[in-house]
2 protein chains.
Amino acid sequence: MKTISENICHGGTQGVYSHDSTATGGEMTFGLFLPEEAKLGEVPVLWYLSGLTCTHENAMTKAGAQGWAAEQGIALVFPDTSPRGEDVADDEAYDLGKGAGFYVNATQDPWKPHYRMWDYVAEELPALLGREFAIDLERQSITGHSMGGHGALTLAMAHPGRFKSVSAFAPIANPTQSDWGKKQLGAYLGDDTGQWAKHDASLQMTEVGFDGPVLIDQGDSDNFLDLLKPEALAHAMMARRQDGIFRMQKGYDHSYFFISTFMEDHVVFAAEALYA
Amino acid sequence: MKTISENICHGGTQGVYSHDSTATGGEMTFGLFLPEEAKLGEVPVLWYLSGLTCTHENAMTKAGAQGWAAEQGIALVFPDTSPRGEDVADDEAYDLGKGAGFYVNATQDPWKPHYRMWDYVAEELPALLGREFAIDLERQSITGHSMGGHGALTLAMAHPGRFKSVSAFAPIANPTQSDWGKKQLGAYLGDDTGQWAKHDASLQMTEVGFDGPVLIDQGDSDNFLDLLKPEALAHAMMARRQDGIFRMQKGYDHSYFFISTFMEDHVVFAAEALYA
């Protein structure tokens, strides 16, 4: 593992690190905020998965999460959204290939060799965090934005017992029924739509649900409402009687101005579950 | 004036606007956060002046100021740091020309025609804000980072009665004695160093001081300490018995991770003066 940078922030350390990933077969970069408490012992961790076109950096610099995490004494991890490097397949579209890993393990060419973001986020990166940093893997929560909200929800539901809470900002909620999903799941996983269901938060909410509290924030002025399909997830949550809250926020759009506005709520929500 | 974008943020509106500037002889862009209270009437305003290489955008997206401003019911304005456009003189160095206006009115070629950021920030932009938005020009405070901290301090001291408070993050504190200053003041204002004094916060603090409270934060792990010369400003403040606080923050550097950490303090500091 290499240290790219470390900056003191809110009494803790905002670091950026890279490492050779076996999951994605290349070098991966991630951001990690450790609160001051991590100098004394292991701290809980909140994962933040980013959306289309993002790297590890966007939320780290624009979401304003570190102050709230410092207040709660929890770490924040900001993974990248896809494999990177010259030998990694890509597409001209912003929503396929680099920056658009969709948190799946690709089974189709040309994506198969590197696009294994599911394994990277679910297995390899947590193991590395537990090994290299003062992070308590028994206390993890997860959140994310847009494609990252999709990742947070699907990963959380697929790993019962692992995450104490899950939340999302404007998640891609029903990708098997959306142009943000059909194209990518088809490309990465192939035409057998049976393979897609694991990666659809609304379907998984209907099938298995989440074994903890759920918080969803969605702006009603989001330009991408037709692609996000929040109504599908809200229906699935409430039909299941999922312990959870779905908030439609008047006037808010899809930007980091929306995320930063409600970040405090999501960090506090996670902290309440992590310290319960 | 043109609206470039408006996003709801913390209940208010983060806007970006452009306008034809007579001061700089070209189109200028600025960011403006208006808290929800601005829908009901005029609100106080806190100016944030940015540092070298920045545009109106950096602090708007990375300083995490809007939440605190919303809590206090005050507007934030984020001006650009120099004139822009193809006909504007520039230099290959990051610290001269575009992105490096140093908040002065240039008197020397080739800078003279456009580099009039002093007049722009002191005269033209406030007049426009008062005309176009629900902003109370009787209640202004000012802050800034690095070159912007220099601008905030020198503008505040040169306009007694205008600003209720001034603060700065890692300001360029003594530019007449620094390579962040001698080069630029020489280029923009010429070799007569008598013209430079107005643009040196430490000299102005010694000569005139500020007619309100002053707050300075400086990280002790700032890479640019030798260029910033905080000790000159601290000495001038305390020699003068200036109403003010100078804080050396252990471990912090020059980045927005430093700024975002202490932004709450600076917004609250301004608000206390604005509502006094």
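This is a predicted model: local features need pLDDT of at least 70, side-chain atom pairs count only at pLDDT 80 or more; totals for chains, interfaces and linings use all residues.
Local features require pLDDT of at least 70 and side-chain atom pairs pLDDT 80 or more, whereas totals for chains, interfaces and linings use all residues. Residues are numbered from 1 along each chain as its sequence is written, chains are lettered from A in the order in which they are written, and side-chain values use heavy atoms, with hydrogens and water left out.

Over all chains, the structure holds 16 salt bridges, each defined as a side-chain nitrogen of Lys or Arg within 4 Å of a carboxyl oxygen of Asp or Glu. One of them joins Glu27(A) to Lys2(A), with the closest N and O atoms 3.1 Å apart. This pair links distant parts of the chain, with Glu27(A) in strand β3 and Lys2(A) in strand β1, 25 residues apart; strands are DSSP runs of E of at least two residues, and helices are runs of H or I of at least four.

In chain A, Lys183(A) and Asp95(A) meet at 2.6 Å, N to O. Lys183(A) lies in helix α5 and Asp95(A) in the loop between β5 and α3, so the pair ties together parts 88 residues apart in sequence. Asp95(A) is buried at 8% relative accessibility, while Lys183(A) is partly exposed at 37%; buried means under 20%, exposed over 50% and partly exposed in between (1.4 Å probe, protein chains only). In chain B, Asp95(B) forms a salt bridge with Lys183(B), also at 2.6 Å.

Asp217(A), Arg247(A) and Asp265(A) are linked in a network of salt bridges.
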